[in-house]
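These are my notebook entries from a reading of one structure. I record what I looked up and what I found.

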Amino acid sequence: MLKVNEYFDGKAKSIAFQTSSLPATVGVISPGDYEFGTSKKETMTVISGALTVLLPGMTDWMTYAPGESFEVAGQASFKVKTDIDTAYLCTYE
């Protein structure tokens, strides 16, 4: 069953679903700066656009292009910023 999630007054939206092995979301983040929290380990893959990310414990921002992924531990927060609408796929463990 699909579940729609909305964050930051609709500037980030995702649809949750179950893959053959893991729960996942696919979504779009509109231009802006955001901070997300995790409850489980997340692997986020950029589908289109680009995300500039500050991961927990890091001091340097990293930019991820389509096809690139990053991981965030559970019970953590991370910051993202983008200048263009950016689509992503996120899996949860």
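The entries below go from the basis of the model to its sheets, its pocket and some single residues.

**Entry 1. Basis**

I note that the model is predicted, with local features requiring pLDDT of at least 70 and side-chain atom pairs counted only at pLDDT 80 or more, whereas totals for chains, interfaces and linings use all residues. Residues are numbered from 1 along each chain as its sequence is written, and side-chain values use heavy atoms, with hydrogens and water left out.

**Entry 2. The six-stranded sheet**

I first looked up the strand order. I found an open sheet of six strands, ordered β1-β2-β3-β10-β5-β8, with antiparallel pairing. At its edges I found β1 (3–7) and β8 (69–72), each of which pairs on one side only. Neighbouring strands here are turned by 25° against each other on average, direction ignored.

For my own reference, strands (E, at least two residues) are DSSP runs numbered from the N terminus. Two strands pair if DSSP finds at least two bridges between them. Axes are lines fitted to C-alpha atoms, and angles run from 0 to 180 degrees between N-to-C directions. I also recall that strands of a sheet pair through backbone hydrogen bonds, either parallel or antiparallel.

β1 and β2 pair in the antiparallel sense over five bridges. They form a hairpin with four residues between them, and Phe8 in the turn has a positive phi of about 55°. Asp9 lies in the loop between β1 and β2, and its phi is near 55°, a positive value in a residue other than glycine.

Seven bridges connect β2 (residues 12–18) with β3 (residues 23–29), and the two strands run antiparallel.

Which residues does Ser14 face? I found Ser14 opposite Gly27 in β3, and Asn5 stands opposite Ser14 in β2. Further along, Ala16 has Thr25 in β3 as its bridge partner.

**Entry 3. The four-stranded sheet**

I looked up the other sheet next. It is open, has four strands in the order β4-β9-β6-β7, and shows antiparallel pairing. β4 and β7 (62–64) each have a single partner strand, so one side of each is left without a neighbour in the sheet. Neighbouring strands of this sheet are turned by 30° against each other on average, direction ignored.

β4 is joined to β9 (residues 77–82) by six bridges, and these strands run antiparallel. Asp33 stands opposite Lys81 in β9.

**Entry 4. The largest pocket**

How much space lies in the largest pocket? I recorded about 410 Å³. Of the 22 lining residues, the closest to the pocket centre are Asn5, Tyr7, Thr25, Glu42 and Tyr92. The elements giving two or more residues to the lining are β1, β2, β3, β4 (32–37), β5 (42–48) and β10 (86–92). By class, the lining has 13 nonpolar, seven polar and two charged residues.

My terms here are as follows. On a 1 Å grid over the protein atoms alone, a pocket is an open set of points where a 1.4 Å probe fits, with protein on both sides within 12 Å along at least five of seven lines; lining residues have an atom within 4 Å of a point. A volume is the space filled by probe spheres set on the points. Ala, Val, Leu, Ile, Met, Phe, Trp, Tyr, Cys and Pro count as nonpolar, Asp, Glu, Lys and Arg as charged, and the others, Gly among them, as polar.

**Entry 5. Buried residues**

I checked accessibility with a 1.4 Å probe on protein chains only: buried means under 20% relative accessible area, exposed over 50%, and partly exposed in between.

Thr86 is in strand β10. Thr86 counts as buried because its relative accessible area is 0%. Its side chain makes a polar contact of 2.9 Å with the side chain of Thr82; such a contact is a pair of N or O atoms within 3.5 Å, where within protein one must be able to donate a hydrogen and the other to accept it, and residues adjacent in sequence count only if both atoms are side-chain atoms. A polar atom of the Thr86 side chain also lies 3.0 Å from the backbone oxygen of Ile84.

Ala24 is in strand β3. Is Ala24 buried or exposed? I found Ala24 buried, at 2% relative accessibility. Its C-alpha atom is separated by 7.1 Å from that of Leu89, 65 residues apart along the chain.

**Entry 6. Exposed loop residues**

I returned to Asp9, which counts as exposed because its relative accessibility is 79%. Gln75 sits in the loop between β8 and β9. Gln75 has a phi near 60°, a positive value in a residue other than glycine, and is exposed, with a relative accessible area of 67%.
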